[in-house]
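Subject: Structure handover

Hello,

Here is the structure for you to take over. My notes on it follow below.

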Amino acid sequence: MQSWMIVSAVGVFLSGWMPTLPSPLLPLLAAFGCLLLRRLAPVLAPLAGCLALGLAWGCHWGLSLLAQQLPAALEATVLEARITVLEPPQRRANRGALRQRFAARVELIDCPQSAPHCRRDIGRALLSYYGAQPLRAGQRWRGELKLKRPRGLANPGSFNYEAWLARHRFAATGYLRDSELKALPTVFAGWQGWRQAVADSLRRSIADPDVGGVLLALANGDRSGISQQRWQQFQRYGLNHLVVISGLHVGLVAGIGFLLGRLVNRRAAHLLAAALALAYSALAGFALPTQRALVMLASVQLVALAGRRVAPTRSLSAALLGVALLDPLATHSAGFWLSFAAVALIFYLRHMQPALQGWRLVLGLQLVLAPAMGVLASAWFGGLGWLAPLANLVAVPVLSLWLAPLSLLGAMLAPLPAPWDGTSVIWPLASLPVTGFFALDAALSSQLPLWLELRPSPWQLPGLAIGLLLLIAHRALPLRWLAIAWIGLALLTHAPNPRRDVLELWLLDVGQGLALVVLQGQHTLVYDTGAGDPAGPNMATGVLIPFLESRGVEQIDLLVISHGDNDHASGAQAVARRFPVLETWLGEALPVELPAQALCLAGQTRQLGALAIEVLWPQDQEGQGNNRSCVLRLQYGELGILLPGDIESVVEHRLLRAQRSALAADLLVLPHHGSRSSSSSALLAAVNPSLVLLSRGYRNRFGHPHPLVTRRLAAFGLVACDTAEQGAVLVRLRPGAIASVSGWRHKRRFYWAAPASTACSAAYNGAQVE
């Protein structure tokens, strides 16, 4: 029975990795053909039929997802609409302003002139609101908004936001304007109103936003109140899986329900366990991890109510199929692999060590799960906390016996009017372990290095998995302890470095900003760090640092911040905290201190292996802003690369008068994101590039690149390779030629992702454009 469920799930998941989807009729016909062949191949034909049926469902799910997406004609247009807030908004400070992000149902009042026959019911959209009005689940508003089709940044190593949007079936993203916002009669919010009451009671009862953010995550599944610094604290101890509602929390609540129900009878125990698990999952907004747990729990409870026993592998297979049917894109999530690996490891340990019971079983699970899941998670997160086994040994009982029951009790009472809700007492009690953890971390982190850098390669993970399975196998297995040597060998095995013989220039997709990385041999140059909040989420922590970690970078030889604008400099301090930086060059002084910093001045030079670096601008210490940008010319063999920052035409003309010959380059990063004030015809003529790169945000509010700049490029026979259309752009260079140009969107093509533009293929005829 397990085989058909597993094969059907594989068929569903296979659809999520396809660049285009066929009609579901094709796999359905294939399944019918397998049915006719079942006599000739009684084993393979039914399995092939299940695979085809799973693929048919995945194709149907995917095509319906594409059909509901916002029509392109409605993008970046001011739309008047009625908006229903579907869930409690997430609240987060963003550069001094409060940002509220929420799922909403959007219904247009009128179609715009650009699309007179549009579909008025847009469906679910993910909206942001920066106004002063506090939004709540169930509210309805009439106002103006701008929408875009679901789209995310495309870079190696970073969170796949586009896949997350597709998995949650959002038809659009956008923002709600504060002006002309009119309230409409509210609607009954159902269980989302319950979640809103929980969020409100927590904010009233807990003054400390860090502690309140953790409790809100535990009670409501809303992680927006946990700052990046606090999240990293939990990660150092391997406790981040405990901070948000997941399968573990649903299981704990089900266990509480089972114990209470046993006071009546066994049937009541199973029913109450299922009811509490369902309620707790609703409290978490039926997040995808809770759906996985619910499917598995439902299969176990139904079999138990029927008075039968079921093999653990069958429950796991049923959960796999259930998750596939609910979420065909689940395999694009790290949580999918981690949660199923954890459950499979628990079943394996119980099978291999049947003598482990009671507290010995709990201890064994913690000693095995924490390091095993830490190593697996390090493939995504770049490290693990070596104190994780001990920390989980303490934290799981605290969660089970204190935090989970109090959070559930607080959530149950939250809808009652104050002071009858009792949350003014319950939430402060629940906060005690969280406050204690923060104090303990403050003491330990200043004394001990708690985080181990580790990112197992695809070469190492199979060896580590085999070694771990051998280590916890049955004692009768011969030479079982050789698994330790196997694990050590896997850790010492390294994949070959893919970038020793070429220079790699990566223009990362950071939206409306700039972050560029040059990798040459073992040397690393970083030019700008993108936009964001210097003290909170920014492009350095979200894109640049994960990219550098994925490429195996251990130190930065030269960090250059072209100038002080937020879209270029916001992540400088975050990069310097994460990596050793040997030298920093600044176009202008920044309000933060960076390692070995010096102001750029024309004539400065630096040699990184075969890469020569020269500063062309500024020529003095005068000026500020865009025109203080640190202009670099890189020389690699016979190839020149020009990085001009955000200089405008006045500086371009000064450079043309002073250093025209030095401006000639094979590769040009377009100044100031393609602004009208830059990229003059005179500069393009002097540089005479073979390849032009452009960093900008998709449908950005500045209108970059300006049509005038696009026409200038066309006059020189150039088309910019654009991060908004290509994702991160990789240029591989050999000392005598540009070897290849590739966009990350083109290399990672999925039906649910925004397609890559083909315009870049004309940018350089001599290179192999991938």
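A residue is called buried under 20% relative accessible area, exposed over 50%, and partly exposed in between, with a 1.4 Å probe and protein chains only. The model is predicted, so local features need pLDDT of at least 70 and side-chain atom pairs count only at pLDDT 80 or more, while totals for chains, interfaces and linings use all residues. Residues are numbered from 1 along each chain as its sequence is written, and side-chain values use heavy atoms, with hydrogens and water left out.

Gln-659 counts as buried because its relative accessible area is 18%. Gln-659 sits in helix H22 (residues 649–663); helices are DSSP runs of H or I with at least four residues, numbered from the N terminus. Its side chain reaches the backbone oxygen of Leu-616 at 3.0 Å, a polar contact (a pair of N or O atoms within 3.5 Å; within protein, one must be able to donate a hydrogen and the other to accept it, and residues adjacent in sequence count only if both atoms are side-chain atoms).

Asn-240 belongs to helix H8 (residues 240–243). Asn-240 is buried too, because its relative accessible area is 16%. Beyond neighbours within four places in sequence, Asn-240 is in contact (heavy atoms within 4.5 Å) with Trp-231, Phe-234 and Gln-235.

The largest nonpolar core has 46 residues. Such a core is a set of buried Ala, Val, Leu, Ile, Met, Phe, Trp, Tyr and Cys residues joined through side-chain atoms within 4.5 Å. Val-198, Val-214, Leu-215 and Leu-239 have the most contacts inside it.

Regards

Terms used
Helices (H or I, at least four residues) and strands (E, at least two) are DSSP runs, numbered from the N terminus.
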